[in-house]
Amino acid sequence: MNRITELFQRKPHEILNIYFTAGYPRRDDTAPIVQALERAGADLVEVGMPYSDPLADGPTIQASGTRALANGMSLPLLFEQLADLRPRTRLPIVLMGYLNPIMQYGDEAFFRRCAELGVDGLIIPDLPMPEYEAHYRDLVRDLDLGFSFLITPQTSAERIRRVDELSRGFIYMVSNASITGAKNAISGKQIEYFRRIQAMELDTPRLIGFGISNRETFTTACEFAQGAIIGSAFIRALGDAGGPLEPAITRFVHAIRGIQVPIH
Amino acid sequence: MIAIDERGYYGEFGGAYIPEMLHANIEELRRQYVDIWEDDAFQRDFRRLLRDYVGRPTPLYLAERLSAHYGATIYLKREDLCHTGAHKVNNTIGQILLAQRLGKKRIIAETGAGQHGVATATVCALAGLQCIVYMGAVDIRRQAPNVSRMKMLGAEVRPATSGSQTLKDATNEAIRDWINHPEDTHYIIGSAVGPHPYPDMLARLQSVISEEMMQQLAEQTGRDAPDAILACVGGGSNAAGAYYHYLNRPEVRLIAVEAAGKGVHSGESAATSVLGTQGIIHGSRTLLMQTNDGQIVEPYSLSAGLDYPGIGPMHAHLIASGRAEAIAIPDGEAVRAAFFLARKEGIIPALETAHAFAALDHLAYSADDVLVVNLSGRGDKDLATFIPFLDENR
Ligand SMILES: Cc1ncc(COP(=O)(O)O)c(C=O)c1O
């Protein structure tokens, strides 16, 4: 069974999905970060494929991508890192990235390679649903890959039903009308939106992302969905780590989970 | 037949590759733009403003000294005489009327040379709407007069500091702003780029150029079509407007002039049709300059308005299908052509436009050829760039 499907069956609440950009802060940090996240208690990782022009991303993720590209990160290299990593972690791995680098790699080859390497799901925010249906839907199903479409507060009910039908694994619920990296508390208006979606009783589980940055916003999001996705806040923690990454990663995940860390 | 299909494709180019956060706004536009465009009241307002405010029709001027030099009949379509100094205002007049009909209160735009920013700031003043213009930090420096004009018109100019800090990056920032303001904001794109329906909308709004050209040519020459039309191509809006009514008249050569920067293969160029391959930029499947890994390459041109790593999907299709020919002009030739036009005809063209004039040196002529160069804008904004070349162009 696909690891994402298995995860949501086993644990349908408080799922913590952590996003980071492959090749940041250093080129070869990808695998160690995933392993540290697994040890610290994350449920799912979303590995960003860096892109020169990430339209939906705020300054933090943009800067991490720029740095990763300068470090020499690329899709072929990421696949090498994942081939190495897959036998050493049981975490479901989702790749997130923009369509253009995937097109240049060769779209079908990309999907096949992902399946071969044990990637569990994909998020390609600028791939429109009609294109997906026409060209990729059957392939993704045959390869048993997950595929998450996004919904936002502006997405119509009719369209949300279509997202529910097309998404495999989980739906990416964008918490607010914004690019990534917002740091505000969750507003009443957002809660209304969360409730509205919850009341639709969709078949596919939902993870709430964008602007989830700390224990408070994570816990709130978890009241209305199966879990949440944290990206920019985690990347900031990596950037601030200074020395070795693992202690910073453990501290970060424990803080989100509300685990008291003993002071030695 | 050159036409856009229902899904927004010209051949294999176009479409709307946008994240969900933009879907509601793009879908609203897609559903409404044709109806609004075809609405009598819209056409009445649009035509009235083009006439009384922009100063249309712009003249079709027979450039006699230029014609004598090249041994052909050369007409200039004088978009430089539009209010604000370039063709860009044809589009912004149309889009501000559209934004009002959609009930939008806040206008955003990107700009390269600043001409589109000025044209947007102008129509926002006219309509009493808030205006925010994103402009690459590099372009803010090289097009200073236009920055001041925007500010005088009441617009806020926000620098884009990512990437090469030019037009591509300003466009990224404008798109991010739109994601952050999904309800009250309309994005006035300045060229025939972006997700469907923008390229088609821009082409329609600029099509007044070829509409007038047809009538003026008929009056002046007895034929409604020239043998060739030359236009510079950044994203492709002035070219789309100059070609529009001739797209399906194969006897009219369409010549698209791109910026070769320091040379097509110098690594510092914006000659997209030569260096570009198919991919996605700013929501459109088109030709763009990119690495083998699909990272977008930073372009270069001395002219801010042509310093863009893609071209609009209509032009990608025209060039890929052989309907249009592309010529790439390096910085130096463009600057020389600007001086040449100034001395021959008393017209200082925009640096972007000067590329189209430089292309005249790359064509062969017979005596009865009739050409139109689309004089997309005037060069006041580029004086600081031209001044260092005064000595060598005495
Ligand atoms: C005078 C002038 N011509 C041409 C262009 C290039 O744009 P487009 O290809 O959309 O006409 C610009 C852009 O700023 C411009 O200012």
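Start with helix 2 and helix 4 of chain B, which are oblique to each other (oblique is what remains once angles under 35 degrees are called roughly parallel, over 145 roughly antiparallel, and 65 to 115 roughly perpendicular). Select residues 40–54 for helix 2 and 88–101 for helix 4 of chain B: their axes come within 10 Å and cross at roughly 140 degrees. Axes here are lines fitted to C-alpha atoms, for helices over the stretch in contact, with angles running from 0 to 180 degrees between N-to-C directions. Helices (H or I, at least four residues) and strands (E, at least two) are DSSP runs numbered from the N terminus.

Before moving on, two notes on what you are viewing. This is a predicted model, in which local features need pLDDT of at least 70 and side-chain atom pairs count only at pLDDT 80 or more, while totals for chains, interfaces and linings use all residues. Residues are numbered from 1 along each chain as its sequence is written, and chains are lettered from A and ligands numbered from 1 in the order in which they are written.

**Side chains between helices 2 and 4**

Now show Phe42(B), Asp45(B), Phe46(B), Leu49(B), Leu50(B) and Val54(B) on helix 2 of chain B; they meet Val89(B), Asn90(B), Ile93(B), Gly94(B) and Leu97(B) on helix 4 of chain B. Contact means that C-beta atoms, placed from the backbone, lie within 7 Å. By class, this contact has 8 nonpolar, 2 polar and 1 charged residues (Ala, Val, Leu, Ile, Met, Phe, Trp, Tyr, Cys and Pro are nonpolar; Asp, Glu, Lys and Arg charged; the others, Gly among them, polar).

**On to helix 5**

Among the residues meeting here are Ile93(B) and Ile96(B) from helix 4 of chain B, and Ala119(B) and Val123(B) from helix 5 of chain B. The classes in this contact are 7 nonpolar, 6 polar and 1 charged.

**A loop stop**

Which loop holds Gly55(B)? Look between helix 2 and strand 3 (60–62) of chain B. Gly55(B) is partly exposed, with 14 other C-beta atoms within 10 Å (20 or more would be buried, 12 or fewer exposed, and in between is partly exposed). Leaving aside neighbours within four places in sequence, Gly55(B) touches Leu81(B), Cys82(B) and His83(B).

**Across to chain A**

Show both chains: their contact takes 23 residues from chain B and 27 residues from chain A. On the chain B side, helix 1 (20–38), helix 8 (167–180) and strand 11 (277–281) each supply at least two residues. Helix 8 of chain B gives the largest share, 5 residues.

Within chain A, select helix 12 (residues 232–240) and helix 13 (residues 245–257), whose axes come within 9 Å and cross at roughly 145 degrees. Phe234(A), Ala237(A) and Leu238(A) of helix 12 of chain A contact Leu245(A), Ala248(A) and Phe252(A) of helix 13 of chain A.

**Zoom out**

To finish, colour chain B by secondary structure and find its 16 helices and 14 strands. Of its 394 residues, 61% count as buried.

Note on methods
Two residues are in contact if their C-beta atoms, placed from the backbone, lie within 7 Å.
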